[in-house]
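Please look over the sequence and the model shown here before reading on. The report that follows is written for someone meeting this structure for the first time.

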Amino acid sequence: MKLALILVMLVSPLYARSTHKMFPATHDSVAEENRRADALGYRRYLDMEDVNIGVAGGELVPITGVKINDKLPKDRRYLRPEVLSFLERLNRDVGSNLTVDSAIRPADVQRRLGRFNPNAAPFDGYRASSHERGSTFDIARKGLRRCDYRAITIRLLYYRAIGRILVIEERGCYHVFVGEGDLDVLIPSSVGNLEQAPILIDDVTDSGVASE
């Protein structure tokens, strides 16, 4: 816990003066989300019928208490219960300033997304989008004040440092996978002995709020 706080204290002053991404994607980012999801037993949802089964069985719950982008279809405003619990806590941490851009996205929707977004994650395989599992949400960056942006970044740094989440900073959002236990994830920074994440990718995106 103390180490996590020290990391945040070291990194956040530099981030305030920098334009580089704190959470850049790597070629292994999405694969690591899937490895963690498999270890936790998070299954993929194949279509909206499958999502409805998950909702009926309590595997997925509706997002409440957090602002949601109006463009996100109402039938995809669901997450796993433990993921929603974390989202609500994060929202409280930063003064209830979060807006959710994306949540559950079954495989058939992800496949359609890939047809018009060449940077979208695939719908199957080891690099498939973790949105298919209800384990991941996107937080909008648009409209954030500088102080809000800084507060969200610092909290995400902290939760990643203690192994609670994996996170990618995309062009328009933070892509946040929620898991449990220790995660072997490096905090990218040039400070001290903190190691820069390898093989950075500038254009990877997995977000999508279009009402396809």
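## Basis of the model

This is a predicted model, in which local features need pLDDT of at least 70 and side-chain atom pairs count only at pLDDT 80 or more, while totals for chains, interfaces and linings use all residues. Residues are numbered from 1 along each chain as its sequence is written, and side-chain values use heavy atoms, with hydrogens and water left out.

## The sheet

Five strands, in the order 3-5-6-8-7, make up an open sheet with mixed pairing. Strands (E, at least two residues) and helices (H or I, at least four) are DSSP runs numbered from the N terminus, and two strands pair if DSSP finds at least two bridges between them. Strand 3 (67-68) and strand 7 (165-169) each have a single partner strand and stand at the edges, so one side of each is left without a neighbour in the sheet.

Strand 3 pairs with strand 5 (residues 99-102) in the parallel sense over 2 bridges, and V100 in strand 5 is the bridge partner of I68.

## Strand 7 and its surroundings

Strand 7 runs antiparallel to strand 8, to which 5 bridges join it, and the two form a hairpin with 3 residues between them. Within this pairing, V167 has V176 of strand 8 as its bridge partner. Helix 6 (residues 146-161) lies across strand 7 and strand 8 (173-178) and runs at about 140 degrees to strand 7, where angles run from 0 to 180 degrees between the N-to-C directions of axes fitted to C-alpha atoms.

Because 5 of the 5 residues of strand 7 are buried, this strand is largely enclosed by the rest of the structure; buried means under 20% relative accessible area, with a 1.4 Å probe and protein chains only. I165, V167 and E169 point one way from strand 7, whereas L166 and I168 point the other way.

## The nonpolar cores

A nonpolar core is a set of buried Ala, Val, Leu, Ile, Met, Phe, Trp, Tyr and Cys residues joined through side-chain atoms within 4.5 Å. The largest has 30 residues, and those with the most contacts inside it are I63, L87, F137, L156, Y174 and V176. Helix 6 gives the most to this core, with 6 residues.

A second, separate core of 5 residues includes Y45, M48, V51 and L60. L60 is found in the loop between helix 3 (48-56) and strand 2 (61-62), and at 1% relative accessibility L60 counts as buried. L60 lies 5.8 Å from Y78, C-alpha to C-alpha, although the two are 18 residues apart in sequence.

Technical notes. Contact = heavy atoms within 4.5 Å. Buried < 20%, exposed > 50% of the residue type's maximum accessible area, 1.4 Å probe, protein only.
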